[in-house]
Amino acid sequence: MKEISLETRVGFFVLAGLLAMASLIVSFGKLGNYFRKTYPVIVEFEDARDILKNSKVLLRGAQIGIVANTPIYRIGQDFVELTLKIDDGTQLPANSKFRIDQYGMLGDRFVRVVPPEKLDGTFIAPGSRVRGEQEAGLNAMLASAGPALEEIRSAARAAEWA
């Protein structure tokens, strides 16, 4: 029986390492998103600022998909379209709410899917169009603080003159 040379063994070891590294890159990197089976859901938002392509779509904290592209605006619409790629096998309950949320003050933005309190056994069909809700919480409060501060300033000026 012929013995395998040292160079051949090293070659197999290097090849195995490269294959392992390539599989890790595909499974943990964004390349893995291209091999997943998904279906589209189009969400209409009044404002979808700072949401990026490949942002996460979360349901109860678990990633169930990604944002397929940046928001699309068409002339004459009062909303922007955001296409989500939802993982095949994940069913979104009908009447779920879609919100753009953010991790902390400076974190990435993502789409949060909030299911209804009572499930009725119906689900959103692939390719459906749904209406998204505007964000709530700290970001919305900070965005609306500008007009409130202006009212406080004008009230202080009025009190100053009295």
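Modeller: Of the 162 residues in the protein chain, 28% are buried, where buried means under 20% relative accessible area with a 1.4 Å probe, protein chains only. This is a predicted model, in which local features need pLDDT of at least 70 and side-chain atom pairs count only at pLDDT 80 or more, whereas totals for chains, interfaces and linings use all residues. Residues are numbered from 1 along each chain as its sequence is written, and side-chain values use heavy atoms, with hydrogens and water left out.

The protein chain contains 2 helices and 7 strands; these are DSSP runs numbered from the N terminus, helices being H or I with at least four residues and strands E with at least two. Along the sequence they follow the pattern α-β-β-β-β-β-β-β-α.

The sheet itself is open, with 7 strands in the order β5-β6-β2-β3-β4-β1-β7 and mixed pairing; two strands pair if DSSP finds at least two bridges between them. At the edges lie β5 (97–102) and β7 (129–131), each of which pairs on one side only. From one strand to the next the twist averages 35°, with axes taken as lines fitted to C-alpha atoms and angles running from 0 to 180 degrees between N-to-C directions.

Within this sheet, strand β2 (residues 56–59) and strand β6 (residues 109–114) run parallel and are joined by 3 bridges. Leu59 stands opposite Val113 in β6.

As for contacts (heavy atoms within 4.5 Å), residues 24 or more positions apart account for 61% of those in the protein chain with a separation of 6 or more.

Key
Buried < 20%, exposed > 50% of the residue type's maximum accessible area, 1.4 Å probe, protein only.
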